[in-house]
Amino acid sequence: MYEQYLAAIKEALPHSRELILSIYHSPFAVEIKDDDSPVTKADKANDAYLREFLSARFPEIGFLTEESQDTKQRLHQKAIWIIDPVDGTSEFVKKTDEFTVNIALCVDHEIVVGVIYAPVLDRLYYAIKGQGAYVEDSSHKPVRLHVSEKDHELKAMRSISHFNDLERAFMERNQDRFEGEATPVGAALKFAYLAEGKFDFYIRISGGTKEWDVASGDLILTEAGGIMVEPSGAKLSYNREDVYNRNGYVMANKESNLLLGK
């Protein structure tokens, strides 16, 4: 049902990669937005390109993107694209290679197509609701993803740039459940790595993330057999008036490993 939308995203990504990497491998300026987050020419250029490309093919679908003004018109539309044109701009600026392009299709407040693309790695993670999650490298051969089956000695991840005292305290209280220290992972790669079984747990106890940071990863992780919820246990909904994930989120390879209330 949603294959045509995934096909269109795949068609757009090679030019996105070329556009982003041409800036990444050249000198570029860094601006600071009103929320103190960085933005570069790559964020703005890829945002504009993806909006133009997708709106030409699907003019009935609205947009919520990080680098475009949110007019709230999207709230009256059945379907919208939720896009982060460069997720992990801090890592982009630091040249760590750990940044992604996140594209999700939301229908009736639910994500039905999710894509995470790592331009430097040329690695594509994607899912369609009800059809499983997959990864493709430069060979374009899809490999189905599945989370790990671990119940103890969980491998945990943490944010590179936003690991806070609450999260540190949580990890210390539950250290008997984890294998060593949490590994810093940038951008939406944390969803991808959990979906393919490399890691088992991640928690974000802050309200700094927005819908475009998590929408595509939520579907990919869920379709790979994992779970993502708010710390209360509630599932996230999308195309909200307030785009901030005010309560943070927790994700794990299975519900019993969410450690809610711990």
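This report walks through a few local features of the predicted model shown above.

Residues are numbered from 1 along each chain as its sequence is written, and side-chain values use heavy atoms, with hydrogens and water left out. Because this is a predicted model, local features need pLDDT of at least 70 and side-chain atom pairs count only at pLDDT 80 or more, while totals for chains, interfaces and linings use all residues.

Let's start with Asp-84, which lies in strand E4 (residues 79-87); strands (E, at least two residues) and helices (H or I, at least four) are DSSP runs numbered from the N terminus. Asp-84 is buried yet has no salt bridge. Buried means under 20% relative accessible area, exposed over 50% and partly exposed in between, with a 1.4 Å probe and protein chains only. A salt bridge needs a side-chain nitrogen of Lys or Arg within 4 Å of a carboxyl oxygen of Asp or Glu. For Asp-84, the nearest side chain of opposite charge is Lys-33, 7.3 Å away; Lys and Arg count as positive, Asp and Glu as negative, and His and the chain ends are not counted. Leaving aside neighbours within four places in sequence, the contacts of Asp-84 (heavy atoms within 4.5 Å) include Glu-66, Thr-100 and Trp-212.

**Aromatic rings**

There are 15 aromatic pairs in the structure. Rings of Phe, Tyr and Trp (its six-membered ring) pair if their centres lie within 6.5 Å; planes under 30 degrees apart count as stacked, over 60 as edge-to-face and the rest as tilted. Phe-58 and Trp-81 form a tilted pair, because their ring centres are 6.0 Å apart and their planes stand at 50°. Phe-58 sits in the loop between helix H2 (41-57) and strand E3 (62-65) and Trp-81 in strand E4, so this pair ties together parts 23 residues apart in sequence. Phe-58 is buried at 7% relative accessibility, and Trp-81 is buried at 0%. Ring pairs also link Tyr-2 and Tyr-5 with Phe-58 and Trp-81 into a cluster.

| Arginine | Ring | Distance from ring centre |
|---|---|---|
| Arg-51 | Phe-63 | 4.7 Å |
| Arg-57 | Phe-53 | 3.6 Å |

**Helix H4**

In helix H4 (residues 165-173), Glu-167, Phe-170 and Met-171 are buried. Seen down the axis, the buried residues of H4 fall within an arc of 95°, so they line one face; the arc is that of the directions from the helix axis to the C-beta atoms. Asp-165, Leu-166 and Glu-172 are exposed on the face turned away.

Terms used. A charge sits over a ring if NZ of Lys or CZ of Arg is within 6 Å of the ring centre and within 35 degrees of the ring normal.
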